[in-house]
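Subject: Structure handover and notes

Hello,

I am passing on the structure we spoke about, with my notes on it. Please read the notes with the coordinates open.

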Amino acid sequence: MDSRRKRRLFSTAGAKITSTVSVAIVLFVLGVLAVVGLVTRKVADTVRESVGFDVVMTDSATSSDSENLRREIASRPYALSVIVHTAEESARRWREETGEDVVEVLGINPFSAELEVKVNARWASADSLEKIIRVYESRSGVEEITVHTDMIDAINANIMTVFRVLGAIALALLVISFVLINNTIRLSIYARRFTIHTMKLVGSTGAFIRRPFLVSGMWQGLVAGVLATLMLVCLVLGLSRFESHVDGYVSLPDMAVISGLMVVAGIIICVIAAIMSTNRYLRLTYDEMFR
């Protein structure tokens, strides 16, 4: 093998390696953004599930009334947890927090039994909670129901703002990644433009000429996706050593889905870029090849 052919092979291999690594880096950045979005969603669900409403029972309500109501609410699909706080528990908690025995001072227990209800994340909105509490407001034995709608609206507004920002960043990265990947693959195909022109001269069809470039693009996207997955897994594992909560937010099925999407995205983007670049050189004349 002469030195000129060796240089050509090394140049072609180097271009493929460079483009594959470039695609892998872009996919890795998109994967990191997907993990951040996933963690944000799970944190948001955790915050939403920390809110709910409190049902204050009347003084005449018995413990069986509170228990029956607890069972009824707990059987609903929106209920995450329902805890009954008896009047005695409320008085004891007041004494522990303030150091004052209000029962001894007043001679009676001024507290009533309460039900602390936490709802699932999808029900944690002011409109949904208002529909829920409307069912129990007129219930016998219920004195009042308190819900912090202002806090819920503020939480949901902040969460939506975060998701809009992440969505805008993801869209911008997707556009930038496609442009970068398209330019990278175009450069790799540019080195073979004269081969494309020669194949046209001998009567090869456009589909026949595109086929090897499409196959190469598929393999390139697959390898880039695998590399991006390995980098992302190493990042998540490294973070989990410093922060134990990472494992709770990013599970193995989640990583499998994100990794699969990165591989599929890499293949699709590389194939589309290969089609666009090949079509461009298929339309060029011999003189235009030198421009």
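The notes below go from the overall layout to the sheet, then to the helices and the cores.

This is a predicted model, so far as the source goes: local features need pLDDT of at least 70, side-chain atom pairs count only at pLDDT 80 or more, and totals for chains, interfaces and linings use all residues. Residues are numbered from 1 along each chain as its sequence is written, and side-chain values use heavy atoms, with hydrogens and water left out.

Overall layout

The chain has 10 helices and four strands. Helices here are DSSP runs of H or I with at least four residues, strands are runs of E with at least two, and both are numbered from the N terminus. Along the sequence the pattern reads α-β-α-β-α-α-β-α-β-α-α-α-α-α. Of the 291 residues, 34% count as buried; buried means under 20% relative accessible area, exposed means over 50%, and partly exposed is in between, with a 1.4 Å probe and protein chains only. Among contacts between residues at least 6 apart in sequence, 83% join residues at least 24 apart, where a contact means heavy atoms within 4.5 Å.

The sheet

The four strands form an open sheet in the order β2-β3-β1-β4, with antiparallel pairing. Two strands are taken to pair if DSSP finds at least two bridges between them. The edges are held by β2 and β4 (142-147), each with a single partner strand, so one side of each has no neighbour in the sheet. From one strand to the next the twist averages 15°.

Strand by strand, β2 pairs with β3 (residues 114-119) over six antiparallel bridges. The pairing of β1 with β3 is antiparallel over five bridges, and that of β1 with β4 is antiparallel over five bridges. In β1, five of the six residues are buried, which leaves the strand mostly covered. V55 stands opposite I145 in β4, while V56 has E114 in β3 as its bridge partner.

E114 in β3 is also the bridge partner of H85. H85 belongs to β2 (residues 79-85) and counts as buried, at 17% relative accessibility. Its side chain makes a polar contact of 2.9 Å with the side chain of E116. A polar contact is a pair of N or O atoms within 3.5 Å; within protein, one must be able to donate a hydrogen and the other to accept it, and residues adjacent in sequence count only if both atoms are side-chain atoms. Leaving out residues up to four places away in sequence, H85 touches S90, R93, S112, A113, E114 and E116.

Helices on the sheet

Helix α2 (residues 63-74) lies across β1 (52-57), β2, β3 and β4, and runs at about 170° to β2. Helix α5 (residues 126-136) packs on the sheet and touches β1, β3 and β4, its direction making about 175° with that of β4. Axes are lines fitted to C-alpha atoms, for helices over the stretch in contact, and angles run from 0 to 180 degrees between N-to-C directions.

The cores

The largest nonpolar core has 27 residues, and those with the most contacts inside it are I181, I185 and I196. Such a core is a set of buried Ala, Val, Leu, Ile, Met, Phe, Trp, Tyr and Cys residues joined through side-chain atoms within 4.5 Å. Two or more residues each come from α1 (3-48), α6 (149-190), α7, α8 and α10 (252-283). The largest share, nine residues, is that of α10. Not counting residues up to four places away in sequence, I185 touches Q220, C270, A273, A274 and S277. A second, separate core has 25 residues, including V55, Y78, V82 and I155.

In α7 (residues 193-201) the buried residues are R193, I196, H197 and M199. They cover an arc of only 160° around the axis, which puts them on the same side of α7; the arc is that of the directions from the helix axis to the C-beta atoms. After α7 comes G203, with a positive phi near 95°.

L227 lies in α8 (residues 206-242) and is partly exposed, with a relative accessible area of 34%. Leaving aside neighbours within four places in sequence, L227 is in contact with T20 and A24. L227 and F28 are 199 residues apart in sequence and 8.3 Å apart in space, C-alpha to C-alpha.

Regards
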